Amino acid sequence: ESEQCDVLTTPETGSSEVLVFLRGCSDDSRIAVVANFHATETRNVSFVTPWSQGTWLSNALASSQHADYQVGIGSGSVAALVLLPLEVQVLVPGPVKSLPPTVAAVTPAHGAIIRQLSSTGSKLNVTVQFDQPVDQAQAQASVRFDGDSGHGFLCSAPASDGGCYQVTLSVDLGSLADGVYSIEVDQGVHATHDPALSTDTVFRSTFVVAVAEESTVLANMAINEQPGLICNYLTQLCHKAVGAEWYRVQHMGGSWTEWRRYEEVSTWQAELGRAVLVQYHSQGSSSYIVGDCVSSGGARCYARYHPEMFLRTDDNDWGMKDEGRMALVDHFTWGVNMSFSNFVRAKFAPFPNWKKSYGVMSSRDVYFSLPSYDENHHQPDPIHDGSEAVRQYMLQKGFWSEQTSIASGSGAAQPLWLSSLCKPDVPSPANRSDLGWQCHYFSGPQDKDWCQVIGEDEDYI
């Protein structure tokens with residue numbers, strides 16, 4: 001019943017630059033959102049509302065001292081107000097309900113990498129900002145840096161009501177060793193305007209301190225090979241992942257060990273010419289993997305996940321004419337020279353058989369049953385999954401070029417496309433009509449005669 005009555009309406013305002021919408025089932029639960037989209041000019045707005053004459057609406061985005069805190073409903077249930085350039089008001093009947101205080105921002109930001117400076121006396125300001133004034137004494141006592149509440153946070157942004165918006169701790173940067181540091185705020189910090197309201201959960205944020213980029217893999221996830229990881233004549237591993245909590249080890253092609261507590265030096269018998277991979281876990285993430293390889297005479301060899309790699313395509317009859325062996329050209333990097341005169345399908349395979357292969361997972365919509373605070377919408381927007389969805393996202397955000405792609409080792413992965421264009425795009429007549437097309441197979445009645453009369457569209461090639 002609530003879903004049927006909660007209908008979104010958009011009253012006429014007489015201006016294309018002003019948007020108004022209303023929603024809600026009852027007089028005391030309805031809201032009106034009013035927005036002026038003009039960047040430089042004020043707008044006078046009037047519109048018909050569901051409230052009766054004499055009702056007062058409060059702007060939930062303004063303080064009670066603001067001149068436009070309340071709007072009265074006039075004759076004909078009309079609301080009239082003035083909107084500043086780019087101003088938004090959220091109008092609700094009766095007094096605005098207060099929300100408990102929460103942490104609005106921290107410095108350093110969550111996940112930040114802090115480089116230690118060589119000069120002595122360098123300071124790091126650790127700050128916690130609340131969205132409303134809170135009890136100053138409680139805030140100073142409830143904020144912890146690296147698990148300790150006794151560091152001495154002080155109020156750095158006092159409020160007019162005696163409360164505090166922000167607390168700050170100045171730390172000697174030289175005293176911080178490499179690693180992960182936490183900023184925590186306890187539950188129960190009271191708002192000054194209403195002591196019955198307080199922070200209702202524990203807040204936690206982390207950042208990394210590193211003397212140099214290579215001092216810990218946690219400071220740079222792009223690090224995937226570490227000279228000296230294999231140390232002490234192949235008998236130990238010398239880790240550089242300060243801040244990690246757990247780690248596990250694998251000989252190339254072997255199985256991972258169980259997770260172990262992190263230590264700077266651990267016992268491990270490495271083998272000449274065989275790469276060692278180490279995966280680290282920190283703060284809920286195990287995305288940190290590095291490798292090392294040592295050959296005879298102490299020279300380094302390339303680290304890799306697989307002993308060998310093959311590229312199998314239509315042109316080499318999927319490895320039957322030519323095995324398509326690739327050469328290891330850098331750490332975790334395989335290469336091979338091939339010439340193409342048309343589009344061919346291909347897959348990467350790390351073994352002579354098809355025990356494992358890498359291809360493309362088409363983009364697909366994945367729906368999760370997430371909790372929603374809007375009873376009108378039980379199904380959130382889908383998450384786009386698959387290696388092709390990842391490639392499109394990285395391309396749209398400017399992180400990758402058109403020549404960059406990603407392969408999936410899923411058993412459901414399909415062959416990827418290769419061509420002289422050096423792009424992973426799927427061939428399409430819309431933008432590839434000047435190329436000579438090669439028929440791979442027919443589907444049902446879609447034979448050669450059918451192809452000649454169907455024409456070109458985005459569904460067929």
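Guide: Start with a disulfide: Cys 293 and Cys 301 are joined, with sulfur atoms 1.9 Å apart. Keep in mind that this is a predicted model.

Visitor: Is the disulfide of Cys 293 and Cys 301 left-handed or right-handed?
Guide: Left-handed, because the torsion about its S-S bond is about -80°.

Visitor: And is Cys 293 buried or exposed?
Guide: Cys 293 is buried, at 0% relative accessibility. Cys 301 counts as buried too, at 17% relative accessibility. The cut-off for buried is under 20%.

Visitor: How many disulfides are there?
Guide: The count is three. Another one joins Cys 155 and Cys 164, whose sulfur atoms are 2.2 Å apart. Both Cys 155 and Cys 164 are buried.

Visitor: Which hand does the link of Cys 155 and Cys 164 have?
Guide: It is right-handed, since the torsion about the S-S bond is about 110°.

Visitor: What about Cys 231 and Cys 238?
Guide: They form a disulfide as well, with 2.1 Å between the sulfur atoms. That link is right-handed, with 90° about the S-S bond. Cys 231 is buried at 11% relative accessibility. Cys 238 is partly exposed, with a relative accessible area of 23%.

Visitor: Where does Cys 422 stand, buried or exposed?
Guide: Cys 422 is exposed, at 54% relative accessibility.

Visitor: New topic. Where is His 239?
Guide: His 239 sits in the loop between strand E17 (236–238) and strand E18 (246–251). It counts as buried, because its relative accessibility is 7%.

Visitor: What does the side chain of His 239 make a polar contact with?
Guide: With the side chain of Tyr 280, at 2.7 Å. Leaving aside neighbours within four places in sequence, His 239 also has contacts including Gln 226, Tyr 247, Tyr 262 and Val 278.

Visitor: Let's talk sheets. What is the strand order in the open sheet of four strands?
Guide: The order is E8-E10-E13-E12, and the pairing is antiparallel. Strand E8 (103–107) and strand E12 (154–158) are the edges, each pairing on one side only. The twist averages 20° from one strand to the next.

Visitor: How many bridges hold E10 and E13 in their pairing?
Guide: Eight, between E10 (residues 123–134) and E13 (residues 164–172). In one of them, Leu 124 has Val 171 in E13 as its bridge partner.

Visitor: How many residues does the largest nonpolar core have?
Guide: It has 26. Val 126, Val 128, Phe 145, Leu 176 and Phe 207 have the most contacts inside it. Strands supplying at least two residues each include E8, E10 and E13. E10 gives the largest share, five residues.

Visitor: What does Phe 207 touch?
Guide: Its contacts beyond four places in sequence include Pro 108, Leu 124, Phe 145, Val 180 and Ile 183. There is also a second, separate core of 24 residues, with Ala 210, Ala 241, Tyr 247 and Tyr 280 among them.

Visitor: And Val 92? Which strand does it lie in?
Guide: Strand E7 (residues 88–93). Val 92 is buried, at 15% relative accessibility.

Visitor: Last one. What do the buried residues of helix H3 pack against?
Guide: Strand E28 (383–385). In H3 (residues 387–396), the buried residues are Ser 387, Glu 388, Ala 389 and Arg 391. Just after H3, Gly 398 has a positive phi of about 80°.

Conventions: Residues are numbered from 1 along each chain as its sequence is written. This is a predicted model: local features need pLDDT of at least 70, side-chain atom pairs count only at pLDDT 80 or more; totals for chains, interfaces and linings use all residues. Side-chain values use heavy atoms; hydrogens and water are left out. Two strands pair if DSSP finds at least two bridges between them. Axes are lines fitted to C-alpha atoms, for helices over the stretch in contact, and angles run from 0 to 180 degrees between N-to-C directions. Buried means under 20% relative accessible area, exposed over 50%, partly exposed in between (1.4 Å probe, protein chains only). Contact means heavy atoms within 4.5 Å. A nonpolar core is a set of buried Ala, Val, Leu, Ile, Met, Phe, Trp, Tyr and Cys residues joined through side-chain atoms within 4.5 Å. A polar contact is a pair of N or O atoms within 3.5 Å; within protein, one must be able to donate a hydrogen and the other to accept it, and residues adjacent in sequence count only if both atoms are side-chain atoms. A disulfide is a pair of cysteine sulfur atoms within 2.5 Å.
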